[in-house]
Amino acid sequence: MISVAEALATVLAEVHPVGTEQVHLGQACGRVLAAPVRADRDVPPFRNSAMDGFALRAADVTTAHARLRVVATIGAGDTGGPELTTGDAAAIMTGAVVPAGADSVVKVEDCERDGDTVVVAGPVTSGSHIREPGEDLRRGDVALEAPRLIRPADIGVAASVGVAVLAVQRRPIVAILATGDELVDLGRPLGPGQIANSNAYTLAAAVEEAGAVPRMLGIVADGLEATRKAFAEAFAADVVLSTGGVSMGTFDVVRRALADLGVEERFWKVAQKPGKPISFGMRGTVPVFGLPGNPVSSLVCFYLYVRPALRRMAGNPCLHLPVVRARLGADVRTAPGLTEFVRVALHSQGGRRVAVPTGSQSSGVLRSMSLCDGLMIAPPGEGSWGANSDVDVLDLAGPAVSEAPFEGR
Ligand code: AMP
Ligand code: MG
């Protein structure tokens, strides 16, 4: 059986960004920028006032309480006032064009208006409170570098240089199939022996969170024929995910159906718990993940292998969940010979992180997955962990990083 690190490396060796598309700024936040944005103009485009106040010539205010003539009032959006000559001032608003002849702005709090004159409190440093053209960006500058995850400020930067459409990485489309004769879709009553198809919804949400687009293809019966037919339709997507049917049971026909359809299996079974029976293969450029049916197994496998693959396909430079150190809040026993992932809640205690198991670690108990913040990584070879020992935890909510988490494990 291969290790978790080998399985992840195998998956990542097969997947590549799926391409780019153009989107309007309104749809671009959270996407990965695919091409740099250049400024086609200076930002700000003209010399303007940083304050509400009075534009003037600093040389006219060498002493306290200098009195100047107010010759104009200039608002933001005005084309600018008359040229100022010696002894002149113009009332000016934030963002308004600084009139020719003026070299400084004094804020309104430091002035006293008196009819058509203004008394300025003190000496003025030339250039104060003036924003020069190009102070933020110069025409020709790279305003946004690629690749980068687009954030709200980036949207504003693009808009400030007049760019309404951005080239972004296309989000991979992910077909999701749930196999199992026992499964019933939401909104229908459960008959004897039946359970709700929760995996498809879990995975669709996880796919979205990973920056890809889920396509739910419904429930597939456990027969070979039905399984082949359903998968054949799924290959139109960029990625195929299925759950169930990859284990040792009589009705676990997914791997056979995939082989019949030309999927080249790269691995089946990884030395891990939960999620050991995962299969992974390629059909042309389409990666196919046969995730186990147990709800926790399928989601843990998603976090370990599918999420980094989707992030790479979406052009994201950071693929991996971060590993954090934490002190164990209870004794833990893990499976020797496998890498075990223990569902833990992360608390902060006296400035230190404490990891507390969230209950039953059975691969069917999704509730302890729902309660957890991270997965403690218990490498093979160690089966017993005392409370207060320091452990590594995959932080499921942490910011993605570029280093793979399993090197040397
Ligand atoms: P399998 O891998 O097909 O043997 O399924 C393992 C366990 O996971 C069984 O108890 C299934 O009933 C359960 N299971 C399989 N698919 C789903 C699903 N889509 N949603 C919830 N549980 C499932
Ligand atoms: Mg099954």
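Me: Before the details, what counts as a salt bridge here?
Reply: A salt bridge is a side-chain nitrogen of Lys or Arg within 4 Å of a carboxyl oxygen of Asp or Glu. The model is predicted, so local features need pLDDT of at least 70 and side-chain atom pairs count only at pLDDT 80 or more, while totals for chains, interfaces and linings use all residues. Residues are numbered from 1 along each chain as its sequence is written, chains are lettered from A and ligands numbered from 1 in the order in which they are written, and side-chain values use heavy atoms, with hydrogens and water left out.

Me: How many salt bridges does that rule give?
Reply: The count is 15 salt bridges.

Me: Which residue does E265 pair with?
Reply: E265 pairs with R255, and their closest N and O atoms are 2.8 Å apart. E265 belongs to strand β20 (residues 264-268) and R255 to helix α5 (residues 254-260), 10 residues apart. Helices (H or I, at least four residues) and strands (E, at least two) are DSSP runs, numbered from the N terminus.

Me: Are those two buried or exposed?
Reply: Buried means under 20% relative accessible area, exposed over 50%, and partly exposed in between, with a 1.4 Å probe and protein chains only. E265 is partly exposed at 39%, and R255 is partly exposed at 27%.

Me: What about D88, which partner does it have?
Reply: D88 forms a salt bridge with R69, with 2.7 Å between the closest N and O atoms. The residues sit in strand β7 (residues 88-92) and strand β6 (residues 66-74) respectively, 19 residues apart. D88 is buried, at 5% relative accessible area, whereas R69 is partly exposed at 46%.

Me: And what does R47 meet?
Reply: The side chain of R47 meets that of E132 in a salt bridge of 3.6 Å, N to O. R47 lies in the loop between β3 (37-38) and β4 (48-49), and E132 in the loop between β11 (130-131) and β12 (142-144), so the pair ties together parts that are 85 residues apart in sequence.

Me: Changing topic: how many helices and strands are there?
Reply: The protein chain has seven helices and 30 strands.

Me: What are the overall dimensions?
Reply: The C-alpha trace spans about 95 × 50 × 45 Å along its principal axes. The radius of gyration is 31 Å, whereas a compact globule of 409 residues would have one near 22 Å. This radius is taken over C-alpha atoms, and the globule rule is 2.2 Å times the number of residues to the power 0.38.

Me: How much of the chain is buried?
Reply: Of the 409 residues, 48% count as buried.
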